[in-house]
Amino acid sequence: MKSIKIVIQEQIQNLYMIGRLSAYELKKSYADNLLGGLWIILNPLFQIGVYWVVFGLGVRGGQDVDGIPFFVWLICGLIPWFFISAAILQGSNSVYARLNSVSKMNFPLSVIPTYVVVAQLYTHLILVAMLTIIVITSQGIHHINIISLLYFMLSSFCFLLSLSFVTSTLSTMVRDIHLLIQTATRMLFYVTPILWLPSDNTPQLLKEIFAMNPFYYIVDGYRESLLKGSWNFIHSPYTIIFWSVILLLLILGSAIHVKFRKQFVDYL
Amino acid sequence: MSYKVKFQQVTKKYKMYNKQIEKVKDLFWNRGKGEYHYALNNISFTVDEGEIVGVIGLNGSGKSTLSNLIAGVTMPNEGTVDIKGSASLIAIGAGLNNKLTGLENIELKGLMMGLTKKQIQEITPKVIEFADIGKFINQPVKTYSSGMKSRLGFAISVNIDPDILVIDEALSVGDQTFTNKCLEKMNEFKENGKTIFFISHSLSQVKSFCTKALWIHYGHVKEYGDINEVADQYGQFLKEYNKMSKEEREQFREKQLNEFSHGLLNNGTSVSKDAGEHSQEQSAESLSLSRSKRIGTKRKSVSGKKSFAKKVLLPAAAVILLGSAGYAVYAAQSASHAAKQTESKTQSSASGTAQKKQQAGKVVINTKTAFVREEPNLESNQKAVLSFGEIYQVLQEKKDPAEDIKWVKLNAGQGKEGWVSSALLTPYTEQQSGLTNKNINSLGSLVQSKYNISMDKLLSPLSETQQNLMGNQALSLTNQYESNDGTLLNYGSVQYVALNNVVTEVSLRNVDEDTEEILSLLKKKPLFINDKEGLYFYQSKNYYIKIYTNIKTNKIKIISFVSRENAEDK
């Protein structure tokens, strides 16, 4: 518990630093490219295009999902997933990749996962803004529940941040873990119902297990708040499960981070 | 004096792994077993504020580990590292991002060092000016040359204004101009009472501006003390070491390493203490080698008594080789020493009786920093540090028969009495011919054009109160701070020092004029010259005039006027 306090204190003390460093993080990743920041949109656009053609037109044959065009339904799940996967991968590698540049100064290492995830959040905000516009033009404004959407953005951020504390520490010490996380993330994309719907014939138990998957909670939450405007998902017991997982990850993450960060440099 | 950095029995060890899986196992079970590399082994030392410590030693002796520990980058395995204030480590290119421009890097690094937005805005122009890389500041760092990178890195770190600065080989890639600029800046740090650790393989650089030296030898502190003493010993050691063949060196290294880690693995303080004594004996041995001719009998008795020491010595052949080499060095040294002595005699014998008077007379410090020791020998503790141009009453004189050093006892102020080597002192008599006011005024036009103040105005605040100085000042005050020497008041490059509210000294900084030229303006000969450190000492009826020069560029750095009335109290 003491380590949670240390980590949270460091975050609060360095809020300005986190803001500026995440801005540089974003700048850095597009600095070399001709199109620069345009890639924030271009990259997801191509991916969405491929999934839409393969799954929407190919597999489903252009069929609707509960009266919602497949394309709209797809991007409501894909865009939160882009955020999730980028934050997991970058977050896991965050400390290791930056250790060289910060190793020569006395720098609060716990802000590294934070600003890396925050940098991903910026990209996500742009995409969510565009997503909202698309949904409004195709489905009308009355289906959108903005407050619920903000809640899910916040909760996904908290989840990814606490996960990054765990993964960044582990993958700094044992490099294999980073590779493991890469593979796991790719698998999660297909395990989580993003491109497909759990069919009605699925046993109830399996459905429950799906719903307990925190990633499903996030993706479904985005869809509910954008397409159905419902609050139901927040009131469900899954919310408690989801936040317990966050708390658990935060306790574990800050504990191992504080325990091992003194030795990070020695692992280089 | 309060300390800034204190190491207490600090050990930093790295476990050697043969397999990756052992590393993982260790993470979770943390067993103590295994093979360790001791980067630093039970070292202790204390550094006061305002010191510049040169860290010297062979490759792989633990210098960089030490700097990492000071900067708080890594933690010791055992012992405590006590740092007062913020520490900043300057290493080549550290913290610079290749993709971002120089300007962006300034902000980035500033942020990472914990500066606020306002502080970053303040330092940015200073950094740009100091780094002096022109238009490249707006280009990505990847286009920089290695010199430019280190200049930018250095400029940022220096301007962040840490309390403790650790410079790890960062100056080795800069050119002479930039190195000088850095050294200048570091001198400024020194005057502000900040502490600097300077890690370099350039012994001359270390010697030229450090006050103390820390010699790390295979994870141990071999010597720590006055820069000249330690640097000379290290230089000597290097000469011997370089003469060894490859095999001998390896043998030497292994022996030292074995011995040290052996002492620690067996744990028990007595054993590690033994190892410490051991190394002292060894250094005593290597020292005595150089004096083998003079105190040959003594050396024999030492080595005879301590047969244990012999075991760790080099093979006999190497000893003989080194001994003869050491003697050659000694002979050369004693010759130069003799030459120096005659020189100082001629300088000080303006009146024929000066030598005799010296018995109970006064002496003046003839080096940048002189240590006052508790006892008249090199091993005793240092009590205080005296600086160039200070005048003291001689209380007692004593000769150290073993070391061939004459020691002078004096009162270093505040009731502290101690011993100073006579090599650092020059006899002083008040009657000695000095400069007239006319001589001093010949500097007037230079001062007027360079510092925009007349000679009268410059000197008149001396012996007056601090309020008087601040009230009647033509220049504007740039900053003011307290130091060990009193209050420092900077008016651009003119610095006044006030002690107990009385202005005692005024210095013209960054003079940057040709030494010969200025000295010829003064016409008279200085009271004494320290040509090794480029120091000149004059006196007039009212002032002592101290001139600090850079012997490499042959330019004057600082001209300082000390009011005689106040200085006499010492």
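The model is predicted, so local features need pLDDT of at least 70 and side-chain atom pairs count only at pLDDT 80 or more, while totals for chains, interfaces and linings use all residues. Residues are numbered from 1 along each chain as its sequence is written, chains are lettered from A and ligands numbered from 1 in the order in which they are written, and side-chain values use heavy atoms, with hydrogens and water left out.

**Interface of chains A and B**

- On chain B, 29 residues are in contact with 25 residues of chain A (contact: heavy atoms within 4.5 Å).
- The buried area between the two chains is about 2700 Å², and carbon and sulfur atoms give 64% of it (buried area: the accessible area, with a 1.4 Å probe, that two parts lose on being put together, summed over both).
- Two salt bridges are counted between chain B and chain A (a side-chain nitrogen of Lys or Arg within 4 Å of a carboxyl oxygen of Asp or Glu).
- K27(A) and E104(B) form a salt bridge through their side chains, at 2.9 Å from N to O.
- The elements β1 (3-15), α1 (20-29) and α3 (102-112) of chain B each supply at least two residues of the side that touches chain A (helices, H or I, of at least four residues and strands, E, of at least two are DSSP runs, numbered from the N terminus).
- α3(B) gives the most to that side, with six residues.
- By class, the side of chain B that touches chain A has 14 nonpolar, seven polar and eight charged residues (Ala, Val, Leu, Ile, Met, Phe, Trp, Tyr, Cys and Pro count as nonpolar, Asp, Glu, Lys and Arg as charged, and the others, Gly among them, as polar).

**Strand β3 of chain B**

- In strand β3 (residues 52-56) of chain B, five of five residues are buried (buried: under 20% relative accessible area; exposed: over 50%; partly exposed: in between; 1.4 Å probe, protein chains only).
- I52(B), G54(B) and I56(B) are buried on one side of β3(B), and V53(B) and V55(B) on the other.
- β3(B) runs parallel to β7 (residues 195-199) of chain B, joined by four bridges (strands pair if DSSP finds at least two bridges between them).
- G54(B) has F198(B) as its bridge partner in β7(B).
- Four bridges also join β3(B) to the parallel strand β8 (residues 212-217) of chain B.
- V53(B) has K212(B) as its bridge partner in β8(B).

**Positive phi in loops**

- D132(B), not a glycine, has a positive phi of about 55 degrees.
- D132(B) is in the loop between α4 (117-131) and α5 (146-159) of chain B.
- N500(B), not a glycine, has a positive phi of about 50 degrees.
- N500(B) lies in the loop between β19 (494-499) and β20 (502-508) of chain B, and is exposed, with a relative accessible area of 71%.
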